[in-house]
Amino acid sequence: MASGWFYLSCLALGSLGSMCVLFTTYWMQYWRGGFAWNGSIHMFNWHPVLMVAGMVVLYGAASLVYRLPQSWVGPKLPWKFLHAALHLMAFILTVVGLVAVFNFHNSQKIANLYSLHSWLGITTVFLFASQWFLGFTVFLLPWASLWLRSLLKPIHVFFGASILSLSLASVISGINEKLFFSLKNATKPYSSLPSEAVFANITGMLVVAFGLLVLYILLASSWKRPEPGVLTDRQPLLHNGE
């Protein structure tokens with residue numbers, strides 16, 4: 001039963017994640033004029049798309065690698081590489097997204113890092129970079145002792161969930177900030193809830209739903225990778241299929 005709910009949750013997660021990226025892309029294409037890489041406002045439009053794709057969707061997927069039942073049997077090293085690779089891909093998208101917004105600000109003579117959204121975002125990226133470096137050096141490379149890994153594992157897990165939570169806060173505050181900046185004329189103010197505002201608000205709710213589902217799967221004890229020697233209701237199915 002637990003296995004069925006897990007795969008149903010993964011299906012919902014994949015659908016939500018795809019919708020988050022597609023909705024953000026459509027918002028930037030349809031209402032904000034599309035994409036470019038020339039320092040214009042269209043260069044900024046890469047920022048929300050890449051941050052949602054990297055810091056939320058890919059990051060969430062990478063966080064759930066060890067919840068897959070297939071990762072519970074056989075050597076753990078391939079799953080460690082997959083976990084690290086997905087996080088690295090998420091980080092690369094995030095860096096490109098930051099380059100887009102900083103280049104746009106600099107070309108338009110707009111100040112950087114003055115808003116609460118930017119402070120939350122840059123803090124999240126810094127923690128993400130530190131988390132990835134810690135995970136790579138301690139959990140992927142073979143030099144660290146079991147004692148050190150056991151000591152740092154709860155910290156690694158805590159910051160993994162915390163970074164996702166901060167990413168959600170950064171994205172939601174960014175959507176709100178973008179709407180306030182863009183919908184401030186007298187004909188279509190944000191407070192009148194024009195179609196763009198409705199669509200962007202729905203996009204934000206999808207991002208929240210995706211993040212909460214990831215956090216639920218991470219925290220559900222029945223879906224955690226069992227300790228060595230502990231049998232769960234999903235493991236016999238895996239062994240019978242080998």
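One salt bridge turns up in a search of the whole structure; the term means a side-chain nitrogen of Lys or Arg within 4 Å of a carboxyl oxygen of Asp or Glu. Arg32 and Glu196 form this bridge, and their closest N and O atoms are 2.8 Å apart. The model is predicted, so local features need pLDDT of at least 70 and side-chain atom pairs count only at pLDDT 80 or more, while totals for chains, interfaces and linings use all residues. Residues are numbered from 1 along each chain as its sequence is written, and side-chain values use heavy atoms, with hydrogens and water left out.

**The salt bridge and its partners**

- Side chains of opposite charge can pair when their charged atoms come close.
- Arg32 sits in the loop between helix 1 and helix 2, and Glu196 sits in helix 7, so the pair ties together parts that are 164 residues apart in sequence.
- Helices here are DSSP runs (H or I, at least four residues), numbered from the N terminus, and strands would be runs of E of at least two.
- Arg32 is partly exposed, at a relative accessible area of 22%.
- Glu196 is buried, at 4%.
- Buried means under 20% relative accessible area, exposed means over 50%, and partly exposed lies in between (1.4 Å probe, protein chains only).
- Glu196 touches Trp27, Trp31, Arg32, Leu179 and Leu183, leaving aside residues up to four places away in sequence.
- Touching, or contact, means heavy atoms within 4.5 Å.

**Helix 6 against helix 7**

- The axes of helix 6 (residues 146-182) and helix 7 (residues 195-219) come within 10 Å and cross at roughly 175 degrees.
- That angle makes helix 6 roughly antiparallel to helix 7.
- The contact includes Leu164, Leu168 and Ile172 of helix 6, and Ala200, Gly204 and Val208 of helix 7.
- Its residues divide into 14 nonpolar, four polar and one charged.
- Axes are lines fitted to C-alpha atoms, for helices over the stretch in contact, and angles run from 0 to 180 degrees between N-to-C directions.
- Angles under 35 degrees count as roughly parallel, over 145 as roughly antiparallel, 65 to 115 as roughly perpendicular, and the rest as oblique.
- Ala, Val, Leu, Ile, Met, Phe, Trp, Tyr, Cys and Pro count as nonpolar, Asp, Glu, Lys and Arg as charged, and the others, Gly among them, as polar.

**Gly39**

- Gly39 belongs to the loop between helix 1 (2-30) and helix 2 (41-44).
- Gly39 counts as buried, at 10% relative accessibility.
- Beyond residues up to four places away in sequence, Gly39 touches Phe104, Ser107 and Gln108.
- Gly39 and Ala100 are 61 residues apart in sequence, yet 7.9 Å apart in space, C-alpha to C-alpha.

**Ser118**

- Ser118 is part of helix 5 (residues 116-140).
- Ser118 is buried, with 15% relative accessibility.
- The side chain of Ser118 reaches the backbone oxygen of Ser115 at 2.7 Å.

- Most residues other than glycine have a negative phi.
- Leu113 has a positive phi near 55 degrees.
- Leu113 lies in the loop between helix 4 (77-107) and helix 5.
- Leu113 is partly exposed, with a relative accessible area of 41%.
- Leu193 also has a positive phi, about 55 degrees, although it is not a glycine.
- Leu193 lies in the loop between helix 6 and helix 7.
- Leu193 is partly exposed, with a relative accessible area of 46%.

Definitions and conventions:
Polar contact = N/O pair within 3.5 Å; in protein donor to acceptor, adjacent residues only side chain to side chain.
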